[in-house]
Structures are given as structure tokens and as C-alpha cells.
Amino acid sequence: MARNRRFLRFAWLKSWRIMGLLLLGAIVGVAVLAGSVTIMHKTSDSEFCVSCHSMQRPLAEYQGSIHFQNPAGIRAGCADCHVPPQPVDYMLTKMGALKDVVGEISGKIDSEEKYNAHKLTMAESVWKTMKANDSATCRSCHSFDAMDVLAQRPEARKAHPVAIRDGQTCIDCHRGVAHILPDMRASNASGATQLLNAAAHTPAQATRLYAVATQPFRLDPKSDQTHGTLFPSSEITVVERNGEQLQARLNGWQQQNVPGAIYAAPGKRIMSAVLDERAAAQVVVLNRQTDSETGQQWNQVSLTFWLPQKALIDDQQKIWQYAAGLMSANCTGCHGLTALDHYNANQWIGVMKGMAPRTSLDQEQLRLLTQYAQKHASDMNNREGREK
């Protein structure tokens, strides 16, 4: 009996020890979980995010944005835009933020000069992440399903149905909504280089090509004198090849008594080429028509000339992809992307000239972007911009 009592006492004490350890483990687990949640919450607070010296410049940009102050009185904090709500993405983002701690300690962006030098890289990293997760942080507040599209401003009323139809995500059109866009010149130049590299691999047997950049042409391949300039995105047909040079035929339209220019469509100021007097004399008139709206006569024409093949590509969509990237990167600092069919082809000329000083576009990029907008304008539905 005594032995049984000692055994029962030992078993009872052992059970209590186990229960005590389990209880202690549960308490420690709850404390660790609560502490982790508290830390995660506190380090996602906007006050914490901008407490570092290097965050004063992003803070000033944010405070000047509609996400900080707006008529509805709704404020989006740092985490609302930069920390996805999904558990796995949330944890990955928090762990990835450790690099920001290292950057703060090392003084990577502790001056205005350093901040501006790294701003494009930082912005592109954020845009890439948001593109990959379908703008998850944006959609935690903004949902296509919850939008009253008819009550939106005219541009948004036209753009959002297109975005829904084409499967676009928020960051495709809205990049400068909380921070001033960085200097995009390096990014713009990189895209141009990629386009030229693609043109360098154009198949030799291709017969329908498109100019990826503004380039001069000659009537005689052996002449050192240029006789005109071909504009980017213009379509040419290959007539003959001779080494690195090719003879090309450009079809287009000329306004009566204006021989120095060839346009992409009658009545539309979409420049395909400008010509000197000698080139103008070589233009062949194929047909004539009168513009019903203006009464002006337009001649359908053709011109044959020589030019290098290195800046010609057989896939016009690659040009449009580059142009769309230029528009997205440079035209979203003040507003969302304007639908291309919001203006007609001639109106886009003035719009682009008015917007250009607010962007990092050089003259060549602006010229290509204007061509892109014009050839997808409201009055070009049945023209080449829509057909390609």
C-alpha cells in the first residue's frame, strides 16, 4: 500500500509538472505572439516609418499628396501602400524591410543628393512589386467592383472600363500618387537602347518595317547629302537591300500645295517624313481626295529612298510597348493615364507639347510618344494605329 501511495504521489507530481510546463509554454507562446504582433504593428505605423532622418524627403512628398490630405478625410498610411495584407506577402515584406535598416545605418540615402541618385531604383523596385502582386495594397481600399464608374470624373470614367477589360492593375496608370516621380531619363534611355537592340536583330527577309527612331534618308545610296527625315513608327516597304543600306518605299498623304511633308493619314497631322525640295520632286501621286470637314485636298503619295536598316524593326508592337512605358513612367505624376482615345490625332499634338515640360522626355522620346498617342487617337479607329 505504501508503495502504491508513493507511486500515485509521484505520478500526480509528474502530471502537475507537465501541466505546469505546458501552461508556462502557452504563456510564453502567447507573450511571444503578442510581442511579435505588437512589434509588427508598431513597425508598420507611419510615425515609425518616417522616424529615420533619411525618410524626411519621402515624408514631405507624401504630405503633399492626396493620400495624406483629401476632401474625404481618409488618410492612407505608409503600410497601407507598402505592406500587402496577405499573411505570406506581409511577412516577406517585413523581412525584406531589414535592408532598409541596413541602408539607414550605412547612410545610403542620408542626403538629398544620395536620395535623388537612388530614387529611380527604389521607385522601380516598388512598381515591380506592385505589378507582380496586382497592386494588392491599392486594392485593399480601391476595388473595381466597388467603383461607381459613372460618378467618376470623365477621364476616369473612360479609363477604368478599359483597365478592367484589359486586365490592367493600378500601378500601370497611377505612379505619382504619393511621391513625386523620380528623374526618368535613365529609364527612358534604357528603353530606347532595348528597342534599338531589338531592331538590330530584325530578320533580313522582313519586307514591312517600322522606324524605331528619327533618321535621315537619301535618294542616292552613294550620296553624302540627306534629302529628308523619316519619323519614328513610320511604316516602310523594303524594295531592295544593299549591305547595311536598304531602299524603302513610304506611302502616305500630302496636303495639296504642302510638298515638304508626308503624313500618315489624310487630315491628320501625324508626321511620317519631312522632305527637301529634291525629295519633294520625286514624290509620286497615287490618288486624290477632299476632306469633307475642311474642304482641303489631300494626295495619296509614295516616295522611294535609301536609309540604314539598323534602326528599323518588323514588329510595331515593340515600338508601342516602349511608348506605352514612356507614357506610364512620365505621365502619371499629376494624374492617371489619359485614355489614348480621349483626344483626336490633331489634339494630341497640343496636349503633348503642354505636358512635355513636366516630364523627363527628350525631343526624340516626345516625338515617338506623340506618334503613339496620335495613331491610337479617337479618330484613328480604322487607321494603322489600330490595325497593327
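Select Asp 166 first: in this predicted model the residue is partly exposed, with a relative accessible area of 43%.

Asp 183 is partly exposed at a relative accessible area of 38%, whereas Arg 185, at 55%, is exposed.

Now select Asp 172 together with Lys 131, which form a salt bridge with their closest N and O atoms 2.7 Å apart. This pair links distant parts of the chain, since Asp 172 belongs to helix α10 (residues 170-173) and Lys 131 to helix α7 (residues 112-132), 41 residues apart. With a relative accessibility of 15%, Asp 172 counts as buried, while Lys 131, at 48%, counts as partly exposed. The salt bridges visited so far are among the nine that the structure holds.

From there, go to Ser 233, which you will find in the loop between β3 (228-230) and β4 (235-242). Is Ser 233 buried or exposed? Ser 233 is buried, its relative accessible area being 0%. Show the side chains around Ser 233, including that of Gln 371, which is joined to the Ser 233 side chain by a polar contact of 2.9 Å. The side chain of Lys 375 also makes a polar contact with the side chain of Ser 233, in this case at 2.8 Å.

For a nonpolar part of the surface, select Val 88, Met 91, Leu 92 and Met 95, which make a patch of about 390 Å². Within this selection, Met 95 is found in helix α5, a helix that covers residues 87-96. Met 95 is partly exposed, with a relative accessible area of 48%, and therefore passes the requirement of over 30% for a patch residue.

Finally, colour the chain by pLDDT, which averages 86 over the chain, with 91% of the residues scoring at least 70. Then select residues 382-388, where pLDDT stays under 50, and for which the model has 21 contacts beyond four places in sequence.

Definitions and conventions: Residues numbered from 1 in each chain as written. Predicted model: local features only at pLDDT ≥ 70, side-chain atom pairs only at ≥ 80, totals over all residues. Heavy atoms only, no water. Patch = residues over 30% accessible without salt bridge, like charges linked within 9 Å, V, L, I, M, F, W, Y side chains within 5 Å. Areas by Shrake-Rupley, 256 points an atom, 1.4 Å probe, with all protein chains shown as cover. Salt bridge = Lys/Arg side-chain N within 4 Å of Asp/Glu carboxyl O. Helix = DSSP H or I, 4+ residues; strand = E, 2+ residues; numbered from the N terminus. Buried < 20%, exposed > 50% of the residue type's maximum accessible area, 1.4 Å probe, protein only. pLDDT = per-residue confidence, 0-100. Contact = heavy atoms within 4.5 Å. Polar contact = N/O pair within 3.5 Å; in protein donor to acceptor, adjacent residues only side chain to side chain.
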